[in-house]
Amino acid sequence: MSRKKLIITAVILTLILIIGGILAYFTDVETKVNKFTMGNVSILVEEPSWEGGDEGVKDIVPNQEIPKDPQITNTGSTDIYAFIKVVVPYENVVVGEATAAADTELFKYTVNSGWTEVGKSKKDEQAKTITHIYAYVNDTNELKALAKTEKTPAVFNTVKLVDVKETGSENSTIQNSQLQVVVSGYGIQTTDLGTDSKAPAVIWPLVESAN
């Protein structure tokens with residue numbers, strides 16, 4: 001091969017190497033997959049002492065005390081704050097030796113330690129009921145977290161029909177009627193609520209707005 005051809009070949013090879021060097025480069029990639037398992041809020045409301053079954057307790061009389069002990073178990077995977085709503089019927093009746101009393105709650109109960117009422121009770125004039133909200137709290141009346149599988153104490157142990165004074169059933173407001181005390185349980189996660197407050201009055205509206 002002539003010297004001229006060798007020079008041309010060398011130049012061509014040099015150009016090929018330069019171009020190849022421009023187009024060839026090292027690369028690397030790494031991917032991280034982060035898995036998130038969703039927690040869930042789930043509760044169970046029980047009344048272990050309730051003996052009425054689905055049909056309820058029949059033929060009750062004034063001053064009769066009926067076992068009823070609503071409590072909440074955390075059956076979910078995350079800690080919760082627990083609330084219980086109690087809806088009680090009311091009537092204008094004579095109680096004890098008093099004259100007719102307006103908006104008398106027909107059932108009374110004693111709230112147990114560990115529970116506190118949230119705000120004021122609310123009256124529904126159409127349904128003729130009064131609603132109370134109770135929160136599960138610690139000794140300083142801040143909401144107390146209920147851990148997975150943990151159970152609250154009963155909000156109360158019994159309900160008692162008030163000492164209604166009525167004669168005959170024709171003009172009675174409650175004789176032969178079916179009365180109901182309705183209990184509902186609520187649970188809400190304890191974190192990432194948009195507030196650091198543990199005050200029942202702050203957290204309950206979040207629960208109420210979601211239900």
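Begin by selecting Gln71, which lies in strand 3; helices (H or I, at least four residues) and strands (E, at least two) are here DSSP runs, numbered from the N terminus. The model is predicted, and for that reason local features need pLDDT of at least 70 and side-chain atom pairs count only at pLDDT 80 or more, whereas totals for chains, interfaces and linings use all residues. Residues are numbered from 1 along each chain as its sequence is written, and side-chain values use heavy atoms, with hydrogens and water left out.

Gln71 has a relative accessibility of 10% and therefore counts as buried, a word that stands for under 20% relative accessible area, with exposed meaning over 50% and partly exposed in between (1.4 Å probe, protein chains only). The side chain of Gln71 makes a polar contact with the backbone oxygen of Asp69 at 3.2 Å; such a contact is a pair of N or O atoms within 3.5 Å, where within protein one must be able to donate a hydrogen and the other to accept it, and residues adjacent in sequence count only if both atoms are side-chain atoms. Show next the residues in contact with Gln71 (heavy atoms within 4.5 Å): leaving aside neighbours within four places in sequence, they include Leu44, Val45, Ile84 and Pro153.

Now widen the selection to strand 3, residues 71-74, which is covered on both faces, with Gln71 and Thr73 buried on one side and Ile72 and Asn74 buried on the other. Strand 1 (residues 43-46) pairs with strand 3 in the antiparallel sense over four bridges, pairing being assigned if DSSP finds at least two bridges between two strands. Within this pair, Val45 has Ile72 as its bridge partner.

Select Lys68 and Glu47, whose side chains meet at 2.8 Å, N to O; Lys68 sits in the loop between strand 2 (65-67) and strand 3, Glu47 in the loop between strand 1 and strand 2, 21 residues apart. Lys68 is buried at 7% relative accessible area, whereas Glu47 is partly exposed at 22%. Lys122 and Glu208 form another salt bridge, at 3.9 Å from N to O; because Lys122 lies in strand 8 and Glu208 in helix 2 (residues 200-209), this pair ties together parts that are 86 residues apart in sequence.

Which residues have the most contacts inside the largest nonpolar core? Select Ile84, Val86, Leu106, Phe107, Tyr109 and Phe156, which hold that place in a core of 24 residues; a nonpolar core is a set of buried Ala, Val, Leu, Ile, Met, Phe, Trp, Tyr and Cys residues joined through side-chain atoms within 4.5 Å. Strand 4 (80-94), strand 9 (129-136) and strand 10 (158-161) are the elements that give two or more residues to this core, and strand 4 gives the most, with six. A second, separate core has 13 residues, among them Tyr81, Phe83, Val118 and Ile133.

Of its 211 residues, 28% count as buried.

Methods: A salt bridge is a side-chain nitrogen of Lys or Arg within 4 Å of a carboxyl oxygen of Asp or Glu.
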